[in-house]
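This briefing walks through a few parts of one protein chain, taking each in turn. Please keep the sequence and the model at hand while reading.

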Amino acid sequence: MSGRPDRTTQHVLLLLLGVVVLFVAGSDRYLDYVRAGFRPLLLGAGVVVVLLALSGLRRSRGDAGHDHSGPAVGWLLAAPVAVVLVIAPPALGSYTASRQASAPVAVPDEPPSAGIGADDPGADHATSTLFSYYVWSLAQDTSALDGRRVRLVGFVSPRAAGGWYVTRFAINCCAADATAIRVAVPDGPAEFEPDQWVEVVGSHVPPQVDPAVGYPEPAIDAVRVAAVEAPAEPYE
């Protein structure tokens, strides 16, 4: 793009930006970028941006014939609109997870709960978040996992030492601060491709060292692996 956008053009771009924010926040797509609790903030921000744009357009109409160009940087308002509508970035996946493997995930000194909880109703296992299993697996006392079967849900990411990882990202605010939580499935069936979502039911085994990363990683001895649909909320 060349030239400088006039005020009317800037307000139209601002209006498009606000509409896109409202569109994303009004669907489950926003969960690919931020935590679920941020929807009210996104909706509020979208409404404010739309109102500002409409107010600016009304003022521009009253100043017809005296419209002045703004700075060329105003065209950047079109960038997020184009990214969301044209590219539509998906939730983070195996590519990003593989590039975060240079250092182990920081875990608290003590597990965040007294245990992994009771088995799921009518099942022989307890569903756990990957982060909870990760912490318990690396704890000095792993008795909470002894004799238990655990169900983990995540996507497949490659593992150099064989098998693959069941993986999920944990975020504090948004995808920009995401941390990959990976649990090794050493005997994971080769039929599952990277980024495919799976549920893994198995038993705890001692952490294993993958020479490619050089530090102990939580692992699970899988007894059942099945493909599942990607959840609406992909992050923990």
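Predicted model: local features only at pLDDT ≥ 70, side-chain atom pairs only at ≥ 80, totals over all residues.

- Helix α3 spans residues 78-87, and its buried residues are Ala78, Val81 and Val84.
- Because these buried residues fall within an arc of 140° when seen down the axis of α3, they line one face of the helix.
- An α-helix has 3.6 residues a turn, so residues three or four places apart point the same way.
- What covers the buried residues of α3 includes helix α1, residues 7-25, whereas Val86 and Ile87, on the other side of α3, are exposed.
- Just after the end of α3, alanine 88 takes a positive phi of about 50°.

**The nonpolar patch**

- A nonpolar patch on the surface is formed by Phe23, Val83, Leu85, Val86 and Ile87, which together have about 510 Å² of accessible area.
- Helix α3 gives the most to this patch, contributing four residues.
- Valine 83, a member of the patch, has its place in helix α3.
- Is valine 83 buried, partly exposed or exposed? Valine 83 counts as partly exposed because its relative accessible area is 33%, and the partly exposed class lies between under 20% for buried and over 50% for exposed.

**Helix α5 and its cover**

- Helix α5, residues 130-138, is mostly covered, with seven of its nine residues buried.
- The buried residues of α5 are Leu130, Ser132, Tyr133, Tyr134, Val135, Trp136 and Ser137.

- Serine 157 counts as buried because its relative accessibility is 0%.
- The side chains of serine 157 and threonine 167 are joined by a polar contact of 2.6 Å.
- When its neighbours within four places in sequence are left aside, serine 157 is in contact with Ser94, Trp164, Tyr165, Thr167 and Arg182.

Terms used:
Residues numbered from 1 in each chain as written. Heavy atoms only, no water. Buried < 20%, exposed > 50% of the residue type's maximum accessible area, 1.4 Å probe, protein only. Helix = DSSP H or I, 4+ residues; strand = E, 2+ residues; numbered from the N terminus. Patch = residues over 30% accessible without salt bridge, like charges linked within 9 Å, V, L, I, M, F, W, Y side chains within 5 Å. Areas by Shrake-Rupley, 256 points an atom, 1.4 Å probe, with all protein chains shown as cover. Salt bridge = Lys/Arg side-chain N within 4 Å of Asp/Glu carboxyl O. Arc of directions from axis to C-beta. Contact = heavy atoms within 4.5 Å. Polar contact = N/O pair within 3.5 Å; in protein donor to acceptor, adjacent residues only side chain to side chain.
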